[in-house]
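Welcome! Please take a moment with the sequence and the 3D view below, and then we will walk through the structure together.

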Amino acid sequence: MIPILIHIRTRCLADFGDPARHSGEEYLYVLTGAVTVHTICLDSTMAHVYAAAGCEEAVALCLCSSPDERLHDELMASPTS
């Protein structure tokens, strides 16, 4: 598993661009703020976007797992919120 602390500043789908998509699965736990998740408890190959809901920024812990050894590289190449 690869833990990632993400700061979500995107407010809507249009601001994000192409949804993230990568190998594996992920779990998201919102630490502060509120987040609109356009898919929940997801297979990471499904397109997905996290957007701050009614706040300037939300902070969340995202846990990603995959048998693919390139997952870390995929995540680092993904667009940020």
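Is Arg9 buried, partly exposed or exposed? Arg9 has a relative accessible area of 49%, so this residue counts as partly exposed; buried means under 20%, exposed over 50%, and partly exposed in between, with a 1.4 Å probe and protein chains only.

Before going further, a word on what you are looking at. This is a predicted model, in which local features need pLDDT of at least 70, side-chain atom pairs count only at pLDDT 80 or more, and totals for chains, interfaces and linings use all residues. Residues are numbered from 1 along each chain as its sequence is written, and side-chain values use heavy atoms, leaving out hydrogens and water.

**Confidence**

The protein has a mean pLDDT (the predictor's confidence in each residue, from 0 to 100) of 80, and 89% of its residues reach 70 or more. Confidence is highest in strand S1, at 86, and lowest in strand S4 (residues 42-43), at a mean of 67. Strands (E, at least two residues) and helices (H or I, at least four) are DSSP runs, numbered from the N terminus. Where pLDDT is low, the predicted coordinates should not be read in detail.

**Salt bridges**

Two salt bridges are present in the structure; each is a side-chain nitrogen of Lys or Arg within 4 Å of a carboxyl oxygen of Asp or Glu.

| Pair | N to O distance |
|---|---|
| Glu57 and Arg9 | 2.7 Å |
| Arg11 and Glu56 | 3.8 Å |

Arg11 lies in the loop between S1 and H1 and Glu56 in the loop between S5 and S6, so this pair ties together parts 45 residues apart in sequence. Glu56 is exposed, with a relative accessible area of 63%, whereas Arg11 is partly exposed at 41%.

Now look inside. Leaving aside neighbours within four places in sequence, Ile6 is in contact (heavy atoms within 4.5 Å) with Leu28, Tyr50, Ala58, Val59, Ala60 and Cys62.

**One more residue**

Finally, find Tyr27, which sits in strand S2. Tyr27 is partly exposed, at 45% relative accessibility.
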